[in-house]
Amino acid sequence: MSTEFYSFGPYKIDPKEVFYSTPLSYAMVNLRPVVPVKRFADLTVEETQDLWLTAQKIGGRLECFHKASSLTFTIQDGPKAGQTVPHVHIHILPRKDGDFERNDEIYDEIDVKENELKEKLNLDKERKDRSLEEMCKEAEEYRSLFV
């Protein structure tokens, strides 16, 4: 984490918000491992391997941290798939019994949140969903999972 900042589409991400990184991927507090390409098909073999191995490692640790029993991994690849930030990223969602009445309702909820985010985003401004202090605190908790 010696970088000045990480890029996420048009956004600059403070290194304090990043809790895990490899030479090809990183995970930030909103649980999105990313690499700087727009579409999944554009990833190299090495980037694809690294992204999924990173997601696997992070998912296992977050599942334990959140006392969950399962994980949902999702990628929205392209605007018609609901991708609102032009970067490949994986959403890692710890799951618990009864969190949704029907398991597939999680995808409806993801769509709702992605649409809300899309409406809120102004690509000419920095993303400010939460305060830096909130994000740094969460990242610090998650960072301790990889020590």
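## Close-up views

**Glu-138 sits in helix H3.** Helices here are DSSP runs of H or I with at least four residues, strands are runs of E with at least two, and both are numbered from the N terminus. The model is predicted: local features need pLDDT of at least 70, side-chain atom pairs count only at pLDDT 80 or more, and totals for chains, interfaces and linings use all residues. Numbering starts from 1 along each chain as its sequence is written, and side-chain values use heavy atoms, without hydrogens or water. Glu-138 counts as buried because its relative accessibility is 17%; buried means under 20% relative accessible area, exposed over 50%, and partly exposed in between (1.4 Å probe, protein chains only). Beyond its neighbours within four places in sequence, Glu-138 is in contact with Val-29 and Arg-130. Contact means heavy atoms within 4.5 Å.

**The whole chain gives the setting, with three helices and eight strands.** Read from the N terminus, the order of elements is β-β-β-β-β-α-β-β-β-α-α. The chain has 147 residues, and 39% of them are buried. Take the contacts with a separation of 6 or more: 60% of them join residues 24 or more positions apart.

**Phe-19, Tyr-20 and Ile-58 have the most contacts inside the largest nonpolar core.** This core has 17 residues. A nonpolar core is a set of buried Ala, Val, Leu, Ile, Met, Phe, Trp, Tyr and Cys residues joined through side-chain atoms within 4.5 Å. Strand S3 (18-21), helix H1 (45-65) and helix H3 (132-143) each supply at least two of its residues. H1 gives the largest share, four residues. Another core lies apart from it and has eight residues, including Phe-8, Tyr-26, Met-28 and Val-85. In soluble globular proteins, nonpolar side chains tend to be buried together.

**Tyr-20 touches Tyr-26, Ala-27, Thr-54, Lys-57, Ile-58 and Phe-146.** That list leaves out residues up to four places away in sequence. Tyr-20 also belongs to one aromatic cluster with Phe-19, Phe-65, Tyr-142 and Phe-146.

**Aromatic rings pair up in this view.** Rings of Phe, Tyr and Trp (its six-membered ring) pair if their centres lie within 6.5 Å; planes under 30 degrees apart count as stacked, over 60 as edge-to-face, and the rest as tilted. This rule gives six aromatic pairs. One of them is Tyr-6 with Tyr-26, a tilted pair with 4.5 Å between centres and 45° between planes. Tyr-6 is in strand S1 (residues 6-8) and Tyr-26 is in strand S4 (residues 26-28), so the pair links distant parts of the chain, 20 residues apart. Tyr-6 is buried, because its relative accessible area is 12%. Tyr-26 is buried as well, at 7% relative accessibility.

**Lys-12 lies over the face of Phe-5.** The distance from the ring centre is 5.0 Å. A charge sits over a ring if NZ of Lys or CZ of Arg is within 6 Å of the ring centre and within 35 degrees of the ring normal.

**His-89 carries an "active site" label in an unreviewed UniProt entry.** UniProt positions follow the numbering used here, feature names are shortened, and annotations may be inferred rather than shown by experiment. His-89 lies in strand S7 (residues 88-89). His-89 counts as buried because its relative accessible area is 3%. A polar atom of its side chain lies 2.8 Å from the backbone oxygen of His-87.

**Arg-95 is a buried residue of strand S8 (residues 91-95).** Its relative accessible area is 7%. The Arg-95 side chain makes a polar contact of 2.8 Å with the side chain of Thr-72. Another polar contact, of 2.7 Å, joins the side chains of Arg-95 and Asp-99. A polar contact is a pair of N or O atoms within 3.5 Å; within protein, one must be able to donate a hydrogen and the other to accept it, and residues adjacent in sequence count only if both atoms are side-chain atoms. Setting aside residues up to four places away in sequence, Arg-95 touches Ala-68, Ser-69, Ser-70, Leu-71, Thr-72, Phe-100, Asn-103 and Ile-106.

**His-66 is in the loop between H1 and strand S6 (70-74).** With a relative accessible area of 28%, His-66 is partly exposed. His-66 and Lys-96 are 30 residues apart in sequence, and their C-alpha atoms are 9.1 Å apart in space.
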